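Dear colleague,

I am handing over the structure below, and my notes on what was found in it follow directly after.

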Amino acid sequence: MGLGIKGIVRNKLGKEDALKGRSKGLIPGVIYGKNLKENLHIYLNYLEFEKLLHKVGRNKLFEIELDDGQKYQVFVKDLQIHPTKRTINHVDLQSVEKDEEVVVSVPIEFVGTPKGSRAGGIFRRALWSLKLKVKSTEIPDSVKIDVSNLDIGDTLVIFKIKDKVPYRIMNHENTLVAGVYKG
């Protein structure tokens, strides 16, 4: 797998313990998944996790090795960010088996210039990411959607793009993705 991080199993839970951990440069977190009997409460080294997050992003698998010797393939399911300090307060990691299907949120990358934009229209993005159901080993960095054929007044909704995207989209099929509007 290559990329990984070490974690510490948390024996005590609660706000007080989490604050103590944070003061020592640790992030409280939890690992959960179908392959676990119960959720595992952990600490991660803040700086190491931040470096790893910049390398793998939010949707790539990495290995976590706990201080009790257990190893898990995980990806970041959720991050709680402090509202004013903008630091990571807590991390949720989902443990997965090698080819297990998971639902992940993947950024949308629009490709091309809409023909309506060249005619004076304004392209507006309505959705920033898609919820996809994919194998844990096949999570894409982004989903490319070609918008070059959009004219003024045209909109893209999920049901219009689902056959052009090579993944199973879990968003409702009437969800607006983008459109070109009069300037």
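Helix α1 (residues 15–23) lies across β2, β3 and β6 and runs at about 125 degrees to β2, where helices (H or I, at least four residues) and strands (E, at least two) are DSSP runs numbered from the N terminus, and where axes are lines fitted to C-alpha atoms, for helices over the stretch in contact, with angles from 0 to 180 degrees between N-to-C directions. Helix α2 (residues 46–56) packs on the sheet, touching β1 (4–9), β2, β3, β4 (62–66), β5 (71–81) and β6, and its direction makes about 90 degrees with that of β3; contact here means heavy atoms within 4.5 Å.

This is a predicted model, in which local features need pLDDT of at least 70 and side-chain atom pairs count only at pLDDT 80 or more, while totals for chains, interfaces and linings use all residues. Residues are numbered from 1 along each chain as its sequence is written, and side-chain values use heavy atoms, with hydrogens and water left out.

Six strands close into a barrel in the order β1-β3-β2-β6-β5-β4, with mixed pairing (two strands pair if DSSP finds at least two bridges between them). From one strand to the next, the twist averages 45 degrees. Strands β2 (residues 26–32) and β3 (residues 40–45) run antiparallel and are joined by six bridges, and isoleucine 31 stands opposite leucine 40 in β3.

Histidine 90 lies in strand β6 (residues 88–95), and it counts as buried because its relative accessibility is 17% (buried means under 20% relative accessible area, exposed over 50%, partly exposed in between, with a 1.4 Å probe and protein chains only). Leaving aside residues up to four places away in sequence, histidine 90 touches Ile27, Pro28, Gly29, Val30, Asp78, Leu79 and Gln80.

Best regards
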